[in-house]
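User: I have a chain open and would like to talk it through with you. Could we start with what you mean by a contact, and then go to the details?

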Amino acid sequence: QVQLVESGGGLVQPGGSLRLSCAASGRIFSTNLMGWYRQAPGKQRELVATITSGGSTDYADSVKGRFTISRGNAKNTVYLQMNSLKPEDTAVYYCNADVVVVTLHRGNYWGQGTQVTVSS
């Protein structure tokens, strides 16, 4: 019923920037909390940043001051602006959304992931 599609990953040098995008589509009534998570090889998936429908944000300590999460005007899109990237930011980045569909059922959905590699 709901799909999340990410884009914007790639290879970047240390100190560079990338912008990730995620668009939710389907029979959506509303999207509530949206966020970005990441998983590096051999590590558990971890929270990067979240944003509520009202625009309140939260960040992992490791990305504070470097990453910015925002939502699009349509509210079904979320972005992650990543600046001053470090090699330790290398991971698969996943979009996550808490969605209420038109039948008023609530569910939590994941995107397929997009690879971010920070390397010289």
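Analyst: By contact I mean heavy atoms within 4.5 Å. Please keep in mind that this is a predicted model.

User: OK, with that in hand, which residues is arginine 38 in contact with, leaving aside its neighbours within four places in sequence?

Analyst: Arginine 38 is in contact with Gln44, Arg45, Glu46, Val48, Ser62, Val63, Phe67, Glu88, Asp89, Ala91, Val92 and Tyr93, once neighbours within four places in sequence are left aside.

User: And is arginine 38 buried or exposed?

Analyst: Arginine 38 has a relative accessible area of 6%, and because buried means under 20%, the residue counts as buried. Its place in the chain is strand 4, which covers residues 28-39.

User: Staying with strand 4, where does threonine 31 lie and how does its burial come out?

Analyst: Threonine 31 lies in strand 4, and with a relative accessible area of 6% it is buried. Its side chain is joined to that of arginine 71 by a polar contact of 2.7 Å, and to that of asparagine 76 by a polar contact of 3.2 Å. Not counting residues up to four places away in sequence, threonine 31 touches Ser53, Arg71, Lys75, Asn76, Asp98 and Val99.

User: Moving on to alanine 40, where is that found?

Analyst: Alanine 40 is found in the loop between strand 4 and strand 5, the latter being residues 46-51. Its C-alpha atom is separated by 6.4 Å from that of valine 92, although the two residues are 52 residues apart along the chain. Beyond its neighbours within four places in sequence, alanine 40 is in contact with Thr90 and Ala91.

User: How accessible are serine 84 and leucine 104?

Analyst: Serine 84 counts as partly exposed at 42% relative accessibility, while leucine 104, at 58%, counts as exposed.

User: Zooming out, how many helices and strands does the chain have?

Analyst: The secondary structure comes to zero helices and 11 strands, so that reading along the sequence gives the pattern β-β-β-β-β-β-β-β-β-β-β. Among contacts between residues at least 6 apart in sequence, 55% join residues at least 24 apart.

User: What about overall dimensions and the radius of gyration?

Analyst: The C-alpha trace spans about 50 × 25 × 20 Å along its principal axes. A compact globule of 120 residues would have a radius of gyration near 14 Å, and the chain, with 14 Å, agrees with that.

User: Last topic, then: surface and charge. What are the figures for the chain?

Analyst: The chain exposes about 6300 Å², of which carbon and sulfur atoms supply 48%, and 42% of its 120 residues count as buried. As for charge, there are 11 positive and 7 negative charges, and their mean positions are 6 Å apart.

Technical notes: Residues are numbered from 1 along each chain as its sequence is written. This is a predicted model: local features need pLDDT of at least 70, side-chain atom pairs count only at pLDDT 80 or more; totals for chains, interfaces and linings use all residues. Side-chain values use heavy atoms; hydrogens and water are left out. Helices (H or I, at least four residues) and strands (E, at least two) are DSSP runs, numbered from the N terminus. The radius of gyration is taken over C-alpha atoms; the globule rule is 2.2 Å times the number of residues to the power 0.38. Buried means under 20% relative accessible area, exposed over 50%, partly exposed in between (1.4 Å probe, protein chains only). Accessible areas come from the Shrake-Rupley method with a 1.4 Å probe; for residues, only the protein chains shown count as cover. Lys and Arg count as positive and Asp and Glu as negative; His and the chain ends are not counted. The place of a charge is taken as NZ of Lys, CZ of Arg, CG of Asp or CD of Glu. A polar contact is a pair of N or O atoms within 3.5 Å; within protein, one must be able to donate a hydrogen and the other to accept it, and residues adjacent in sequence count only if both atoms are side-chain atoms.
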